[in-house]
Amino acid sequence: MKTKTHRIGVIGSGNMGGQLGRLWAKAGYEVMFSSRNPEGLKLLVEDLKNARVGTVEDTIDFGDVIVLAINYGTLQQVIDKLKDRDKTIIDLTNPVYWTANKTLAKVNLNGKSAGENLQAILPKAKVIKAFSSHYAASLQEGHREYPIAVFYTTDFEINKELAERLISDIGFEPLFYGGLERSLDIELYGKYSNKIMSREEALASIGQ
């Protein structure tokens, strides 16, 4: 298999980041996984020839595309390392946290989405919001009867071709949903939260 042009750094290699990173590696992309415990990721990459494990700093240096798949409470630590870096970022984060009562609550971003907020904080980056409303189980190989539609948003026209290639190369149907100001719909608890749809069903849902 021919190696793809872009190198993908995955920050947060749990259910979502780990699953997507493995799919990209199997599709021919060079991938580096990172977490707060890189040693614990060796099993994740042992059967992948073009994947490796590193620190968060290594991963940011490695990838021209950075996948953020971390808990929102740890986002600031990564933002500090991404400042002034010209990276394309695929943002999977959702602005939620666990309360003392073990329930999920939303972080107050003054009506903005996590994608909008991230772009404002990292103006040199080019943010793509995608996969935030999906559960990890829906991304697994062998569990999809048809290519699942994945909405994405971005404020950069140049990002659209890349986003569509990255999404379609791992077996999903990419659909541009608009600029980052529309990202609330495709984040957790939004209009499309864990909605599993074909391309036709997704287009019908937005009146196309």
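The points that follow take the basis of the model, then the sheet, the pocket, the cavities and a few single residues.

1. Basis of the model. This is a predicted model, in which local features need pLDDT of at least 70 and side-chain atom pairs count only at pLDDT 80 or more, while totals for chains, interfaces and linings use all residues. Residues are numbered from 1 along each chain as its sequence is written, and side-chain values use heavy atoms, with hydrogens and water left out.

2. The sheet. Eight strands, or 8 in figures, form an open sheet with mixed pairing, in the order E3-E2-E1-E4-E5-E8-E9-E10. The edge strands, each pairing on one side only, are E3 (51-54) and E10 (173-178), and the twist from one strand to the next averages 25 degrees. Helices (H or I, at least four residues) and strands (E, at least two) are DSSP runs, numbered from the N terminus, and two strands pair if DSSP finds at least two bridges between them.

3. Two parallel pairs. Strand E1 (residues 7-11) runs parallel to strand E2 (residues 30-34), with 5 bridges between them, and Arg7 stands opposite Glu30 in E2. Strands E4 and E5 also pair in the parallel sense, over 4 bridges, with Thr88 in E5 as the bridge partner of Val65. As background, strands of a sheet pair through backbone hydrogen bonds, either parallel or antiparallel.

4. Helices on the sheet. Which strands does H1 touch? Helix H1 packs on the sheet against E1, E2, E3, strand E4 (65-68) and strand E5 (88-91), and its direction makes about 160 degrees with that of E2. Helix H5 (residues 114-121) packs on the sheet as well, touching E4, E5 and strand E8 (126-130), with its direction at about 170 degrees to that of E8. Contact here means heavy atoms within 4.5 Å; axes are lines fitted to C-alpha atoms, for helices over the stretch in contact, and angles run from 0 to 180 degrees between N-to-C directions.

5. Strand E5. Both faces of E5 are covered, since Thr88 and Ile90 on one side and Ile89 and Asp91 on the other are all buried (buried means under 20% relative accessible area, exposed over 50%, partly exposed in between, with a 1.4 Å probe and protein chains only).

6. Ser34. This residue belongs to strand E2, and Ser34 counts as buried because its relative accessibility is 0%. Although Ser34 and Gly12 are 22 residues apart in sequence, their C-alpha atoms are 6.1 Å apart. Beyond residues up to four places away in sequence, Ser34 touches a set that includes Val10, Leu41, Gly54 and Thr59.

7. The largest pocket. The largest pocket holds about 880 Å³ of space, and of the 34 residues lining it, Met16, Ala69, Ile70, Asn71 and Tyr72 are the closest to its centre. Helix H1 (15-26), helix H4 (75-82) and strand E6 (96-98) each supply at least two lining residues, and the lining divides into 17 nonpolar, 15 polar and 2 charged residues. On a 1 Å grid over the protein atoms alone, a cavity is a set of points where a 1.4 Å probe fits but cannot get out, whereas a pocket is an open set with protein on both sides within 12 Å along at least five of seven lines; lining residues have an atom within 4 Å of a point. Grid points are joined across faces, edges and corners, and a volume is the space filled by probe spheres set on the points. Ala, Val, Leu, Ile, Met, Phe, Trp, Tyr, Cys and Pro count as nonpolar, Asp, Glu, Lys and Arg as charged, and the others, Gly among them, as polar.

8. The cavities. The structure holds 2 cavities of 30 Å³ or more. About 80 Å³ lies in the largest cavity, where strand E9 (149-154) gives the most to the lining, with 3 residues. The second largest cavity has a volume of about 40 Å³, and its lining consists of 8 nonpolar residues, with no polar and no charged ones; helix H6 (157-168) gives the largest share, 3 residues.

9. Phe131. Phe131, in the loop between E8 and E9, is among the residues that line the second largest cavity. Its phi is near 70 degrees, a positive value in a residue other than glycine, and Phe131 is buried, with a relative accessible area of 2%.
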